[in-house]
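Here is a short briefing to read beside the structure.

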Amino acid sequence: MKEKKQQPPSLSLVDNMDGHSFEYFCADILNRIGYSNIKVTQASADYGIDIIAYNNGQSYAIQCKNYSSKVSNKAIQEAYSGKDYYHCNYAVVMTNNFYTIPAIKTANELGVILWDRNHLDK
């Protein structure tokens, strides 16, 4: 008998997760798409970074935001500075929502990767 692969929760269920559960949901997504050495950071004093992960020899400092409204500029700035603190190559902000226009502009200027609701749904 062939074992069924467990499907990730739907985004409507994700919207009701607490922040810590969302971080582990994001870590699971990263694992499913081929990232390795995935580590969820400690809950406090994480310097704005919730997950450290690796892909193709590059390190990623990832901030996870499970919000009911759009993610602001502050999250982008925190991820950018947290990337340096953890000596990572890239900063990423993952959210179950979308980003404000200023957040998108700042991310483009600083080279922060944005994964929004549509990206998670893929």
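Helix 2 covers residues 19-32, which makes 14 residues. From first C-alpha to last it reaches 20 Å, close to the 20 Å expected at 1.5 Å a residue. Keep in mind that this is a predicted model.

**Helix 2**

- The buried residues of helix 2 are Phe22, Glu23, Phe25, Cys26, Ala27, Ile29 and Leu30.
- Gly34 follows helix 2, and its phi is positive, near 105°.

**Aromatic pairs**

- A pair of aromatic rings is described by two things: the distance of the centres and the angle of the planes.
- How many aromatic pairs are there? The count comes to five.
- Tyr60 and Tyr90 form a stacked pair, because their ring centres are 5.0 Å apart and their planes meet at 25°, under the 30 degrees that stacking requires.
- This pair links distant parts of the chain. Tyr60 sits in strand 3 (residues 58-65) and Tyr90 in strand 4 (residues 90-95), 30 residues apart.
- Is Tyr60 buried or exposed? Tyr60 counts as buried, because its relative accessibility is 10%, under the 20% cut-off.
- Tyr90 is partly exposed, with a relative accessible area of 33%.
- Tyr85 and Tyr86 also pair, with ring centres 5.0 Å apart. Their planes stand at 85°, so this pair is edge-to-face.
- Tyr85 is partly exposed at 42% relative accessibility. Tyr86 is partly exposed too, at 26%.
- Which residues do ring pairs link into a cluster? They are Tyr35, Tyr60, Tyr90 and Trp115.

- Most residues other than glycine have a negative phi.
- Asn37 has a positive phi, near 45°, and is not a glycine.
- Asn37 lies in strand 1 (residues 36-40). Asn37 is exposed, with a relative accessible area of 60%.
- His87 is another residue other than glycine with a positive phi, near 55°.
- Where does His87 lie? His87 is in the loop between helix 3 (73-85) and strand 4.
- His87 is exposed, because its relative accessible area is 70%, over the 50% cut-off.

- Lys65 lies in strand 3.
- Is this lysine, Lys65, buried or exposed? Lys65 counts as buried, at 16% relative accessibility.
- Leaving out residues up to four places away in sequence, Lys65 touches Phe22, Val71, Ala75, Glu78, Val93, Met94, Thr95 and Asn96.
- Phe22 is one of these contacts. Lys65 and Phe22 are 43 residues apart in sequence, yet 7.9 Å apart in space, C-alpha to C-alpha.

**Salt bridges**

- Side chains of opposite charge can pair when their charged atoms come close.
- How many salt bridges does a search of the whole structure find? The search finds three.
- Asp28 pairs with Arg32, and the closest N and O atoms are 2.8 Å apart.
- Asp28 and Arg32 are separated by about one helical turn, because they are four residues apart in helix 2.
- Asp28 is partly exposed, with a relative accessible area of 29%. Arg32 is partly exposed at 38%.
- Glu78 and Lys74 meet in a salt bridge at 3.6 Å, N to O.
- Glu78 and Lys74 are four residues apart in helix 3, so about one helical turn separates them.
- Glu78 is partly exposed, with a relative accessible area of 23%. Lys74 counts as exposed, at 54%.
- Glu78 is also one of the residues that Lys65 touches.
- Asp84 forms a salt bridge with Lys83, with the closest N and O atoms 3.4 Å apart.
- Asp84 is partly exposed at 44% relative accessibility. Lys83 is buried, with a relative accessible area of 15%.

Key:
Residues numbered from 1 in each chain as written. Predicted model: local features only at pLDDT ≥ 70, side-chain atom pairs only at ≥ 80, totals over all residues. Heavy atoms only, no water. Helix = DSSP H or I, 4+ residues; strand = E, 2+ residues; numbered from the N terminus. Expected span 1.5 Å × (residues − 1). Buried < 20%, exposed > 50% of the residue type's maximum accessible area, 1.4 Å probe, protein only. Phe/Tyr/Trp six-rings, centres within 6.5 Å; stacked < 30°, edge-to-face > 60°. Contact = heavy atoms within 4.5 Å. Salt bridge = Lys/Arg side-chain N within 4 Å of Asp/Glu carboxyl O.
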